[in-house]
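Visitor: Could you take me through a structure feature by feature, giving the general idea before the particular case?

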Amino acid sequence: QVQLVESGGGLVQAGGSLRLSCAASGRTFGWSYMGWFRQGPGKEREIVAAINWSRTYYTDSVKGRFTISRDNAKNTVYLQMNSLKPEDTAVYYCAAQSRPANYLDGYDYWGQGTQVTVSS
């Protein structure tokens with residue numbers, strides 16, 4: 001059974017930093033994208049960042065502030081979030097593709113989510 005378990009969320013002041021982790025078990029995702037999504041209050045879920053074996057993607061609002069990385073040996077993906085803003089407040093979800101696809105689609109596995117709250 002495939003599981004994705006997020007950790008690292010919490011409450012932080014604007015300008016602060018958090019590091020999210022997503023530990024995968026049950027299979028590896030070598031060539032596939034693993035990504036971070038978020039859903040803020042009253043908003044639709046959006047992709048934040050994604051990484052495969054050679055490429056990374058960031059949504060415009062986080063470029064220069066967030067960094068996604070991946071440790072294949074640990075089957076873990078990270079999201080380093082710096083210069084956090086109140087508008088980054090959301091539940092953050094880790095996701096992984098069952099087979100390689102476009103970075104926007106094909107995410108078949110999802111974590112339970114971790115809350116990130118940024119106070120002004």
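This is a predicted model: local features need pLDDT of at least 70, side-chain atom pairs count only at pLDDT 80 or more; totals for chains, interfaces and linings use all residues.

Visitor: Which residues touch the most other members of the largest nonpolar core?

Guide: The general idea is that, in soluble globular proteins, nonpolar side chains tend to be buried together. In this model the largest nonpolar core has 26 residues, of which Trp36, Leu79, Met81 and Tyr92 touch the most other members. Several strands supply at least two residues each to this core, among them strand 4 (34-39), strand 8 (76-81) and strand 9 (90-97). A second, separate core has 6 residues, including Ile47, Ala50, Ala95 and Tyr107. Returning to Tyr92, and leaving aside residues up to four places away in sequence, its contacts include Leu20, Trp36, Phe66, Leu79, Met81 and Val116, as well as Glu6 and Arg38.

Visitor: Is strand 9 largely enclosed or left open by the rest of the structure, and why?

Guide: Strand 9 is largely enclosed by the rest of the structure, because 6 of its 8 residues are buried. Its pairings can be followed one by one: strand 4 and strand 9 are antiparallel partners over 6 bridges, with Met34 opposite Ala96 in strand 9. Strand 9 and strand 11 also run antiparallel, joined by 3 bridges, and the bridge partner of Tyr92 in strand 11 is Thr114. With strand 10 (residues 107-110), strand 9 again runs antiparallel and is joined by 3 bridges, where Ala96 stands opposite Tyr109.

Visitor: Turning to the backbone, where is Asn75 found, and what is the phi of Asn75?

Guide: As a rule, most residues other than glycine have a negative phi, and most peptide bonds are trans. Asn75, in the loop between strand 7 and strand 8, has a positive phi of about 55 degrees although it is not a glycine. Ser83 likewise is not a glycine and has a positive phi, of about 50 degrees, and Ser83 lies in the loop between strand 8 and strand 9. With buried meaning under 20% relative accessible area, Asn75 counts as buried at 13% relative accessibility, whereas Ser83, at 39%, counts as partly exposed.

Visitor: Finally, which residues does Ser98 touch?

Guide: Ser98 is in the loop between strand 9 and strand 10 and is partly exposed, with a relative accessible area of 25%. Not counting residues up to four places away in sequence, Ser98 touches Arg27, Ser32, Gly106, Asp108 and Tyr109. By contrast, Val118 is 20 residues from Ser98 along the chain, and their C-alpha atoms are separated by 32 Å.

How values were computed
Residues are numbered from 1 along each chain as its sequence is written. Side-chain values use heavy atoms; hydrogens and water are left out. A nonpolar core is a set of buried Ala, Val, Leu, Ile, Met, Phe, Trp, Tyr and Cys residues joined through side-chain atoms within 4.5 Å. Buried means under 20% relative accessible area, exposed over 50%, partly exposed in between (1.4 Å probe, protein chains only). Helices (H or I, at least four residues) and strands (E, at least two) are DSSP runs, numbered from the N terminus. Contact means heavy atoms within 4.5 Å. Two strands pair if DSSP finds at least two bridges between them.
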